[in-house]
Amino acid sequence: TITMRKYQYYNTNDDGDRDIYTGNWGAQTFTPTIDHMIASVKLKLFVVGSPGTITISIKATSAGKPTGADLCSGTIEDNTITTDINGEWYEIPLGNGFNLIAGVQYAIVVRAQEGDTDNKLAWRADTAGATYTGGTYCASSDSGTDWGTYSGVDCMFEEWGVGPASTTTITWGNLTKSQISTEKVEEAI
């Protein structure tokens with residue numbers, strides 16, 4: 001078994017939330033202090049109605065805003081998320097993960113493309129004097145094409161992984177596996 005640990009996080013003082021639905025995407029930027037492989041994120045969430053499958057991904061950033069293709073991603077179903085407006089913490093595995101580099105800013109991007117104003121995901125946030133120094137909240141109203149940053153707002157997040165990342169990939173026969181893959185040999189075959 002792989003021992004996961006928490007790296008970057010901001011997990012206290014949430015006093016509000018940010019709504020995510022259809023083309024309205026949310027993101028929290030963060031900056032690792034040591035090289036490691038991100039494996040999952042924990043986010044404090046609740047839902048209003050049924051926004052469908054929620055996708056969470058890690059993206060690179062440019063000028064403090066998310067950019068480019070997903071580096072890794074995972075999903076969570078709306079029916080597993082509380083409707084309590086205080087939110088609860090949920091862990092979302094991010095597939096085979098991604099090797100993050102110390103001092104480089106990344107973004108946790110959250111989208112609920114099947115949702116609408118009555119069926120949305122809410123991401124708990126500190127909206128009154130957030131103090132996370134490695135990033136800030138970002139929002140897009142056009143499905144991630146253009147982003148705005150909101151200094152003084154940080155969403156509740158923890159990013160978990162293993163590391164520093166190994167330069168080797170484990171190989172079982174012809175089957176290459178990342179070091180955080182939980183898939184068993186029998187399942188892969």
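**Close-up views of the predicted model**

View 1. Trp-123 and Tyr-137 are both buried, where buried means under 20% relative accessible area, exposed means over 50% and partly exposed is in between (1.4 Å probe, protein chains only). A word on what you are looking at: this is a predicted model, in which local features need pLDDT of at least 70 and side-chain atom pairs count only at pLDDT 80 or more, while totals for chains, interfaces and linings use all residues. Residues are numbered from 1 along each chain as its sequence is written, and side-chain values use heavy atoms, with hydrogens and water left out. The structure holds six aromatic pairs; rings of Phe, Tyr and Trp (its six-membered ring) pair if their centres lie within 6.5 Å, and planes under 30 degrees apart count as stacked, over 60 as edge-to-face and the rest as tilted. The ring centres of Trp-123 and Tyr-137 are 6.5 Å apart and their planes stand at 80 degrees, so this pair is edge-to-face. Because Trp-123 belongs to strand S9 (residues 120-126) and Tyr-137 to strand S10, the pair ties together parts that are 14 residues apart in sequence. Helices (H or I, at least four residues) and strands (E, at least two) are DSSP runs, numbered from the N terminus.

**View 2. Strand S10 sits between S3 and S11.** Six strands form an open sheet with antiparallel pairing, in the order S6-S5-S8-S3-S10-S11; two strands pair if DSSP finds at least two bridges between them. Strand S6 (65-77) and S11 are at the edges with a single partner strand each, so one side of each is left without a neighbour in the sheet. From one strand to the next, the twist averages 25 degrees, with axes taken as lines fitted to C-alpha atoms (for helices over the stretch in contact) and angles running from 0 to 180 degrees between N-to-C directions. Strand S3 (residues 25-30) runs antiparallel to S10 and is joined to it by four bridges, with Gln-28 opposite Tyr-137. S10 also pairs with strand S11 (residues 148-150) in the antiparallel sense, over three bridges, and here the bridge partner of Tyr-137 is Tyr-150. Both faces of S10 (residues 137-140) are covered: Tyr-137 and Ala-139 are buried on one side, Cys-138 and Ser-140 on the other.

**View 3. Strand S3 also pairs with S8.** Five bridges connect S3 and strand S8 (residues 106-111) in the antiparallel sense. Within this pairing, Gly-26 stands opposite Val-110.

**View 4. Aromatic rings cluster, and charges sit over rings.** Tyr-10, Phe-30, Tyr-106, Tyr-132 and Phe-157 are linked into a cluster by ring pairs. Elsewhere, look for a charge over a ring, counted if NZ of Lys or CZ of Arg is within 6 Å of the ring centre and within 35 degrees of the ring normal. Lys-6 lies over the face of Tyr-9, 4.4 Å from the ring centre. Arg-111 lies over the face of Trp-25, at 4.6 Å from the ring centre.

View 5. His-36 is found in strand S4 (residues 36-48) and is buried, at a relative accessible area of 1%. A polar atom of the His-36 side chain lies 3.0 Å from the backbone oxygen of Ile-34. Lys-59, in strand S5, is buried with a relative accessible area of 10%. Its side chain and that of Asp-70 are joined by a polar contact of 2.9 Å.

View 6. With a disulfide taken as a pair of cysteine sulfur atoms within 2.5 Å, the count comes to zero. Cys-155 is in no disulfide, and its nearest cysteine sulfur, that of Cys-138, is 9.6 Å away. Cys-155 is buried at 0% relative accessibility, and Cys-72 is buried at 7% relative accessible area.

**View 7. Two loop residues have a positive phi.** Asn-13, in the loop between strand S1 (5-10) and strand S2 (16-20), has a positive phi of about 65 degrees although it is not a glycine. Asn-13 is exposed, with 55% relative accessible area. Ala-63 lies in the loop between strand S5 (53-62) and S6, and its phi is positive too, at about 55 degrees, although it is not a glycine. Ala-63 is exposed, with a relative accessible area of 78%.

Key
Polar contact = N/O pair within 3.5 Å; in protein donor to acceptor, adjacent residues only side chain to side chain.
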